[in-house]
Structures are given as structure tokens and as C-alpha cells.
Amino acid sequence: MNRSNESAHARPDTGAPRRCVNLGVVAHVDAGKTSLTEALLLRGGAIARLGRVDEGTTQTDTMALERQRGITIRAAVATFAADGVAVNVVDTPGHPDFIAEVDRSLAVLDGAVLVVSAVEGVQAQTIVLFRALRRLGVPTVFFINKIDRSGADPDRVRTAIAERLTRALVPLARVRRPGTAAAQAEPLDWDDPRWAEQASAQLADHDDALFEAWIDPAQRLDATRLRSSLAALTRSGTVHSVLFGSARTGQGVEQLIGTVTDFLPASISDDGPAVAQVFKIERSAAGQRVCTLRMREGTLHVRDRAVLGAGRAATVTGIEVFAPGGTAASGLVAAGQIARVRGLDAARIGDWIGAEHTAAASVLPEPGLEARVVAADPARQADLHRALADLADIDPLIAVRPDRGAARIRLYGEVQQEVLTDTLALEYGIDVRFEAVTVVCVERLARRADAAARMGDPGHQYHYSLGVTVEPAAPGSGVELVVAANQITLPMHVYGNADGYRAAIGEYLATPLADGPHGWPVTDLRVTVTDSDYPPAGPRAVDVKRTTETVVREAVRRAGTLVCEPVDRFDLEIPSATLSPVLALLGRHRAVPGPPHATGALTTITGTVPAAEAGALRTGLHTAAHGEAVLETVLDHYAPTRSAR
């Protein structure tokens with residue numbers, strides 16, 4: 001039977017598959033990824049009716065705010081089964097303000113579908129996401145969506161993918177009547193000699209054995225050999241299948257399911273020790289913490305003691321495995337599966353369970369903005385602090401810190417700020433306002449300074465004496481601690497030995513250096529303990545801690561600090577025809593560009609720009625480069641602000 005026939009691929013599977021694919025659906029906002037997720041679930045037999053984003057009836061946009069705004073805010077999982085494979089579809093946000101959700105989700109994927117609109121084509125976020133997927137080594141297939149929309153031009157979009165993303169493409173279908181309601185995605189026939197020759201030429205560039213067979217007249221490359229090559233090259237992330245369709249009408253969806261189950265890597269269940277990764281944390285209606293995790297190896301059972309690392313452990317009290325139609329209570333979760341697990345009250349997003357692992361390195365920037373949050377009703381400020389602590393528990397990148405009776409939190413952008421405002425109002429009943437939104441800065445010492453506090457000094461109530469010197473250190477060096485005091489005077493009996501004392505003092509520095517004279521963290525300094533003393537009865541640890549905090553804070557005050565703003569390194573890709581207005585725009589935003597490099601119709605520019613200007617630069621590029629600019633930024637260094645120079 002010809003496997004190119006769509007109906008051969010997407011047979012709903014009612015059994016209990018042992019093979020599992022964790023599939024990410026990613027896209028620029030409004031490319032149709034949530035609608036495609038719905039179409040996959042419908043064709044996979046997991047739902048009976050197609051949900052709609054505009055009606056708030058989709059399976060994955062379950063938050064009230066998501067339904068209200070018609071956008072995906074938090075990653076969500078839904079499952080279907082086909083051809084003996086369970087497919088966990090991870091629907092991720094498309095708006096850049098929620099890129100942290102995407103970052104966490106990419107780390108648990110076996111493969112991804114990158115959705116591109118047949119009308120708008122390759123957009124800025126499309127390029128950013130594809131580069132992130134490549135850096136993480138996630139096998140990716142392209143789905144050119146909305147072929148039935150007026151203005152759809154699938155061939156133009158496929159060409160744009162080849163020019164701006166990768167030329168390692170193997171189209172698996174052709175589109176009939178694009179841009180009309182009758183548009184159809186017609187799968188190409190692997191047994192068609194003309195198509196087989198085209199596929200052979202495309203695959204031979206990356207498969208040496210196939211190349212040798214292709215140029216040998218005595219050998220014939222049949223459909224089985226070509227499919228095997230494409231599967232291997234897809235799983236290695238070398239080649240990318242291109243499919244076409246419409247999530248709204250269902251065109252191309254069955255072929256996409258077949259491509260996912262046939263060509264993307266799948267996990268197989270095993271019964272070894274449990275190894276899992278936490279990538280999402282929510283709270284139930286009763287306030288209980290619920291962790292969504294992806295099993296990497298082995299099996300995790302209810303009542304198992306889960307080791308979270310750093311001395312943390314918890315007992316699993318409940319497991320709900322994602323299955324077609326929703327989640328199902330289970331006594332265990334096996335390798336490859338995704339589950340909601342209760343009882344892991346000490347878990348944090350990014351934690352690994354059951355093994356010494358390091359969470360996948362982030363390939364996307366941390367929040368670059370910080371804002372002051374104030375309750376509209378001053379009497380609710382304490383409630384606001386608790387609510388923000390809850391939200392930071394779900395999303396550690398929020399990074400809440402106190403600020404003179406209010407709180408400051410980290411943000412990616414204005415849309416995230418609006419969503420947080422709505423979340424606090426709807427879920428916690430707290431109306432808030434955001435003030436003083438600014439880039440995240442640091443403080444560096446202006447000069448060397450000394451400070452001391454001695455037992456018996458007026459106002460010093462602790463049974464410990466300490467003297468310190470603080471002095472500037474090299475940019476990027478962080479905090480260096482030197483203990484120069486005579487070891488006889490150190491309270492080593494409190495901490496076991498000199499190393500224990502040094503480690504404790506290092507921890508105690510965190511509080512006074514977290515909030516400098518201008519309200520920013522103090523960094524790039526050397527702290528030297530010059531004097532130490534204590535009474536015969538010995539100090540308590542709290543005496544040493546409080547004295548250290550007081551003395552270091554005073555030393556920093558005496559030294560004075562310079563506020564240093566973040567400066568980003570940028571990579572910019574623009575149409576070559578827009579170079580002149582773009583260079584003028586860069587100059588207006590204090591950017592320092594390097595020489596432009598033109599490659600055909602595109603020009604790339606690298607350089608630096610103050611992070612405070614990056615948002616306005618991004619907005620200006622939309623006009624200057626006619627909406628076709630791709631700007632990626634990453635923190636490069638900190639430099640004194642103009643007011644501090």
C-alpha cells in the first residue's frame with residue numbers, strides 16, 4: 001500500500017502505545033499553531049469537535065486570560081495516539097513576551113513542528129524559534145499553514161524558508177488552488193519516478209550511502225530506501241520535511257501526523273530508575289502544587305521518594321498521565337510520557353528528578369526589564385507580596401524582590417505586564433499598578449572603603465566584631481571574598497573550620513549586595529575581612545550574619561557606587577534595500593554597529609546597543625525594514641550610565 005496516502009497515516013490508536021513522541025508546536029504569533037494543535041487532536045481522535053481560538057474553546061488555551069485574549073500564555077499539553085505512537089503535543093506561546101515558556105518547553109521535546117503562515121510567510125519570531133531549535137538539536141519539520149487564506153502563496157513561503165532558515169528541505173506535498181477555499185494539499189507519491197528522483201537529489205546531499213546508490217545506474221532507490229534516509233536525516237536534525245495545509249479545514253493534517261510518527265524520534269518505555277525533568281508548575285484549585293514533568297528514563301510510581309537535588313526530596317502523592325482526551329489518574333508514569341505529579345512541594349521549574357543532571361542551558365535571553373508593582377489599595381500590599389511569591393514559584397524568571405514597601409519584578413515586555421495585571425486581578429482579587437519600568441542595571445563601587453562594627457559600639461547589639469574593606473574589581477569578575485584576619489580570631493567553632501566560616505560569610509554577602517545605594521545589585525568587587533573578634537562565650541551564627549550584613553552595607557555606602565546599564569550585543573538581519581534608514585535608526589538609539597555584510601537580498605549587521613534602547617529600536621525597525629527585520633540581542637556587558645559618567 002502506498003504510504004503517501006493520507007488515510008494511511010493518521011489512524012487513531014485506542015491501545016496503550018509504548019512509543020511516545022513529545023512534539024512541540026511553535027510559531028510566530030497568529031500563524032495558527034493553536035488551531036493546528038486542535039486539528040491534530042481532532043484527526044488523532046482525541047476530541048470530537050474542533051475548538052476555535054476566537055471562541056475560547058481550544059483544548060490547550062485553558063486559562064481564563066488565554067480565552068479572553070485569544071493568545072497562548074503558558075505552555076500546555078494535549079495527547080493523541082496514532083499508528084502505535086502516543087503523541088504529546090506541547091502548545092507553546094507565540095508572543096515574544098512569553099518566550100520563557102517556549103524556552104522551558106523546548107528542553108523536553110523529541111521533535112517540533114514549526115508553523116509558518118502561507119500568507120505572512122517567514123517572520124521575525126519564526127527565525128528566532130528555528131535558531132533556538134537548531135541550537136538545542138530538536139528535529140524540526142515545517143508546516144506551511146493557511147493555504148486556503150486569500151493571499152496564500154505556499155511556493156513563495158517555501159522559497160523564503162530556504163533563503164532565510166535552511167536549504168535542507170524535502171517538500172512532501174504540492175498545493176492545488178492555493179488562496180481559495182478549495183485549496184488542497186496533495187501528498188507526493190514516493191513511487192512516482194519523477195518525485196523519487198527529486199527526493200533522491202535532495203537527500204543525497206546529506207546521505208553519502210544514498211548518494212553512491214543514486215549515481216550507480218545498476219541500483220534503484222525505492223520508496224523504502226528513500227523513506228529510511230529521510231527518517232534518519234530528520235531524527236538527526238539534518239533535513240527538514242515541508243508539509244502544507246490548513247488547520248481550519250484539516251488539509252494536510254493527516255500527512256503531518258504520519259510524518260511525526262514515522263520520522264521524528266520516539267521514546268520507548270522502560271522499567272529502570274526514574275529520571276525526569278520538571279518544566280511547568282501550577283497550583284490546583286485547592287492551592288496544591290502540581291508539577292508537569294517529562295520522564296526521561298525509567299518509571300516513577302505513586303509513593304516513590306523523588307530526589308530533587310541539593311538535599312531536597314519529596315514523596316509522590318498522585319500522578320495524572322496525559323492521554324487522549326485529557327489526563328488520566330495512574331499509579332505510575334514511564335519513560336517518554338508527560339504527567340502532572342502531586343507531592344513535589346520542594347520542586348522548582350527546571351529541576352531534574354532522580355539523577356545528577358543539569359537543566360538544559362537556556363538559549364533565549366532572561367527578562368531585561370524590571371518594574372515596581374504597587375497594590376492600588378495599600379492595605380493589600382502584603383497580599384500582593386504573597387501573590388507575587390506564588391507567581392514567581394511558577395515562573396522563577398519573575399524574580400521578585402522588595403522595594404521600600406512595594407515589590408519589583410522582572411519582565412519581558414508590555415504584554416506580559418498587562419497579563420500579570422489581569423492575573424493578579426482575576427486570580428487574587430488584587431488591583432495593581434506598574435511604576436518605574438526600567439532595564440535591569442547593576443552597581444559597581446566607585447572607590448575603596450573600610451567599615452567596622454565592634455562589640456560595645458553604640459547601636460551594635462551583636463556579640464561579634466568585624467572589619468572589612470571593599471574595593472572595585474575587574475568588570476565581569478563578580479564578588480570575590482578574601483579572609484585576611486588572623487585565623488585565631490575567627491569563630492571557626494560555629495562553622496566547623498576556616499572553610500566553613502568562609503562559605504558562611506560568602507552566603508551572608510548576598511543580602512547587603514542585593515540592594516545597593518541606588519537599588520540595584522552590587523557586583524564586581526572584592527570584600528576583604530580584615531578584623532574579627534568575639535567574646536569568650538562565643539557568638540551565635542546570627543551574630544556573625546547580622547554583623548556581616550551591617551558592616552558590608554556600610555562599607556558599600558562609604559565607597560559609593562556607579563549605576564551601570566546593560567549593553568546588548570545584537571545580530572540584525574534586514575533587506576539590503578533598507579540599509580540606509582536602518583543605519584540611521586541605529587545611530588538614533590546609541591547603537592555601535594559593525595560593518596554591514598550583504599548576501600544577496602539580505603544584509604546582516606552586528607554590534608552593541610544599550611538595552612534601554614533595544615525595545616524602541618525593535619519597534620523602529622518594523623517601519624525602517626518594512627517588517628522584515630530579525631533582531632536578536634544578548635547581554636554583552638554593563639557600562640556606566642550617562643548620568644554616572
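Ser 580, Gly 587 and Arg 588 are the exposed residues on the face of helix 16 turned away from its buried side. Exposed is over 50% relative accessible area, buried under 20%, and partly exposed in between, with a 1.4 Å probe and protein chains only. Helices are DSSP runs of H or I with at least four residues, strands are E runs of at least two, and both are numbered from the N terminus.

This is a predicted model, where local features need pLDDT of at least 70, side-chain atom pairs count only at pLDDT 80 or more, and totals for chains, interfaces and linings use all residues. Residues are numbered from 1 along each chain as its sequence is written, and side-chain values use heavy atoms, leaving out hydrogens and water.

Back to helix 16, residues 579-588. Its buried residues are Val 582, Leu 585 and Leu 586. Just after helix 16, Arg 590 has a positive phi of about 60°.

Next, cysteines. Cys 441 is buried at 6% relative accessibility, and Cys 291 is buried at 0%.

Last, confidence. pLDDT, the predictor's per-residue confidence from 0 to 100, has a mean of 86 over the protein chain, with 88% of residues at 70 or more. Over residues 1-16 it is below 50. Where pLDDT is low, the predicted coordinates should not be read in detail.

Definitions and conventions:
Contact = heavy atoms within 4.5 Å.
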